[in-house]
Amino acid sequence: MTTQEMNAAFEQAYGRKAEKMFFSPGRVNLIGEHTDYNGGCVFPCALSFGAWLLMSKNEDGVLRFKSLNMEQTYSIPISEIKPQADRAWCNYALGCIDIIARRHPEAKLESGYDLLYYGNVPAGAGLSSSAAMEVVTARAFTEEMMKGLVDEWMSGPESEKKYRTELALIGQACEHEYAGVMCGVMDQFASAQGKKDHAIYLNCDTLEFEHVPVKLEGIKVVISNTHSPHHLDSGAYNDRVRQCHTAVEQISKVKPIKFLAELTEEDWAQVESAITDPIAKKRARHVVGEVARTAAAVEALKKGEIAYFGELMTASHVSLRDDYEVTGPELDALAEAAWQVEGVLGSRMTGGGFGGCTVSLVKEEAIEHFKAFVGAEYEKKTGLKADFYVAEIGDGVTRLA
Ligand code: GLA
């Protein structure tokens, strides 16, 4: 859908023109999975698909939510902002508006708004459609509710970086409070801080980050969709967060730590036996290994050692399968088929897991064979049809009009 078509859809929905338009991307994580809420590093990229928001003020004191993807519409008085029941999709936006006001005492919501959302991130694919919606809303409503501060933030590159980090934190808090997923900051951060043709090497403890060029001569980042929807809010994600807390508590008896990601692989050999809970031990082992793999992968990319980068991606999948137990038959089928293809440097699940997508590095000349072979193997094993996208790495959230 073009932005002209979105504008026309807004006019049709509300009988007048949209005053502003914003876009925020989804993301794919190259490596560093389930490390963010453990104080570790991640390495995601923003994608060219994401969420658009068109908006105009209204005189009615009501927030009207419509979406070109969802049938359900909502009309919520600005004096009654609170989580809506039945997993209402407007929660991802409403939460951000609420959290802006709570994080910034100077922020004021002075009128109602007519809002229209459109997203083209494949639904349930684990490519952060919800983070895109949160960050696009946070971008739009920070500007509406505290224009002075946003103008200041947008006045230079350093302050703009701080602003973008703030947008990510607003989105993450919304996910915690309005969707009940105790996620880390990776998805919202990638959506806010993305940069074309770069990945973001982010330390999720300090929030320091670096944009690293993704230069892959003759190699593409290919996303494969299981079409087996991931259920991030199904409880399994929050269970992993809790199991990691258990590991931190038990390790802290012999070595006080705040986060699992503080442990090096040498530390691990010393503290491992302090974890008495066998599940927590497996989870912690993944995190310690994944943090080391992520650092090694970033170094490899910087040196152009793409084959090694690919090997680390594959090792990441194995650890997520065996120790973190978040892959499941569909993601395993896709990754295992990809590993057999000549011209694949590495392949792994990306995002929360339990369905969703894999990410693979594939030589350009092997892409057609990759799609045919992996698609056929996947269908044979699962009865499902996979979809493939060659990723375009895009910029973070932006105002378009
Ligand atoms: C989801 C969460 C992220 C992160 C990943 C796993 O995408 O939203 O914060 O934990 O899972 O790496």
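1. In this predicted model, helix 9 (residues 278-303) and helix 10 have axes that come within 9 Å and cross at roughly 170 degrees. Helix 9 is therefore roughly antiparallel to helix 10, and the crossing of the two is left-handed.

2. On the side of helix 9, the contact is formed by Lys282, His286, Glu290, Arg293, Ala296, Ala297, Ala300 and Leu301. Their counterparts in helix 10 are Ile306, Tyr308, Phe309, Leu312, Ala315, Ser316, Ser319, Leu320 and Asp322. By residue class, this contact comprises 10 nonpolar, 3 polar and 4 charged residues.

3. Threonine 327 is found in the loop that runs between helix 10 (306-322) and helix 11 (328-339). Its relative accessibility is 3%, so threonine 327 counts as buried, the cut-off being under 20%. The side chain of threonine 327 makes a polar contact of 2.9 Å with the side chain of aspartate 332. With neighbours within four places in sequence set aside, the contacts of threonine 327 are His317, Leu320, Arg321, Asp332, Met349, Phe354 and Gly355.

4. A further packed pair is helix 3 (residues 129-145) with helix 5 (residues 157-179), whose axes lie 9 Å apart at an angle of about 120 degrees. Helix 3 is therefore oblique to helix 5. The crossing of helix 3 and helix 5 is right-handed.

5. Helix 3 contributes Ser130, Glu134, Val135, Ala138, Arg139, Thr142 and Glu143 to its contact with helix 5, while helix 5 contributes Tyr163, Leu167, Ile170, Gly171, Cys174 and Glu175. The residues of this contact are 6 nonpolar, 3 polar and 4 charged.

How values were computed:
Residues numbered from 1 in each chain as written. Predicted model: local features only at pLDDT ≥ 70, side-chain atom pairs only at ≥ 80, totals over all residues. Heavy atoms only, no water. Helix = DSSP H or I, 4+ residues; strand = E, 2+ residues; numbered from the N terminus. Buried < 20%, exposed > 50% of the residue type's maximum accessible area, 1.4 Å probe, protein only. Polar contact = N/O pair within 3.5 Å; in protein donor to acceptor, adjacent residues only side chain to side chain. Contact = heavy atoms within 4.5 Å. Axes fitted to C-alpha atoms, helices over the stretch in contact; angles between N-to-C directions. Parallel < 35°, antiparallel > 145°, perpendicular 65-115°, else oblique. Left-handed = near helix turned anticlockwise from the far one by under 90°. Nonpolar A, V, L, I, M, F, W, Y, C, P; charged D, E, K, R; others polar.
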